[in-house]
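Biologist: Hi! Could you walk me through the inside of this protein?
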Amino acid sequence: KTNLSNTEEQNHELDNVMDINILYDTKAAIQNKIKTTLSYQIHNTDRSVGAILSNEISKIHGEEGLPPDTLNLKFTGSAGQSFGAFATNGLTLKVEGETNDYLGKGLSGAKIIIKKPKVADFLAEDNVIIGNVCFYGAIRGKAYINGIAGERFCVRNSGITAVVEGIGDHGCEYMTGGKVAILGKTGRNFAAGMSGGIAYVYNKDKTFSTENCNLEMVELVSLNETDINDLKQMLEKHLKYTDSKLASKLLKDWDTSVKHFIKVFPTDYKNALERLAKESKEKQLTA
């Protein structure tokens with residue numbers, strides 16, 4: 001038997017976390033679905049920003065959450081681990097600076113935008129701006145990353161749309177859904193265990209298939225017309241939200257740029273879609 005007489009009540013100091021201040025500032029907006037924009041300074045000691053806030057929204061409005069872009073929260077600085085974790089519908093979280101690991105873990109409907117500071121003079125596409133294991137287990141939402149991600153980007157992603165300007169090793173590992181566009185270089189072992197979803201990868205130097213992609217469960221195919229339209233829209237939104245110089249450059253010469261993208265398509269997913277399309281066509285012919 002466990003001796004409970006020596007147990008101590010834990011104090012997680014939740015009263016001091018940033019989300020409590022944000023909840024105070026947004027109470028009326030959450031209750032009444034009022035569009036609100038607020039700005040905050042953020043530090044790497046501010047962890048899981050957005051999680052408690054999302055819990056409060058879900059308690060009041062359920063899974064539906066708030067209408068898109070109801071709460072526009074802008075942060076300047078260096079965000080701590082798990083920024084935007086489990087962030088729900090109606091939240092737009094924008095960081096001008098950088099974030100640590102587990103950005104957008106379990107993302108559940110929010111839009112996350114990370115862009116380099118205006119005062120920075122470095123090229124975003126050449127620099128890491130977010131940490132490792134970002135968007136782990138994400139199920140719904142959008143993400144626009146104005147720079148390079150660390151390792152294991154979008155692991156177990158099952159439904160978000162994300163744009164990033166480069167990633168480390170093991171990208172899209174065990175991904176089961178959603179769409180990802182990588183506008184720059186990828187690390188090794190991309191798509192290991194990837195059983196669903198689609199990734200568009202910039203492959204101008206033609207080394208992606210031979211050096212970086214794990215081909216056990218995926219195929220590399222050319223983009224069809226639908227893919228091209230989807231990818232272009234993703235880049236246009238990326239440019240709109242982050243002022244990405246890389247996205248701007250690719251879009252200015254789109255007819256040439258799009259030729260350098262390859263589609264990473266899980267084989268079983270591809271076969272299932274083809275089977276469904278065939279069955280739908282047969283039903284139409286026999287109707």
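Predicted model: local features only at pLDDT ≥ 70, side-chain atom pairs only at ≥ 80, totals over all residues.

Biologist: Which residues touch the most other members of the largest nonpolar core?
Modeller: Those are F75, F135, F153 and F190, in a core of 53 residues. A nonpolar core is a set of buried Ala, Val, Leu, Ile, Met, Phe, Trp, Tyr and Cys residues joined through side-chain atoms within 4.5 Å. Buried means under 20% relative accessible area, with a 1.4 Å probe and protein chains only.

Biologist: And is F75 buried or exposed?
Modeller: F75 counts as buried because its relative accessibility is 1%.

Biologist: Switching to rings, how many aromatic pairs are there?
Modeller: The count comes to eight. Rings of Phe, Tyr and Trp (its six-membered ring) pair if their centres lie within 6.5 Å; planes under 30 degrees apart are stacked, over 60 edge-to-face, and the rest tilted. One of the pairs is F75 with F83, edge-to-face at 5.2 Å centre to centre and 85 degrees between the planes.

Biologist: Which residues do ring pairs link into a cluster?
Modeller: Y40, F75 and F83.

Biologist: What lies over the face of Y174?
Modeller: R156 does, at 4.8 Å from the ring centre. The rule asks for NZ of Lys or CZ of Arg within 6 Å of the ring centre and within 35 degrees of the ring normal.

Key:
Residues numbered from 1 in each chain as written. Heavy atoms only, no water. Buried < 20%, exposed > 50% of the residue type's maximum accessible area, 1.4 Å probe, protein only.
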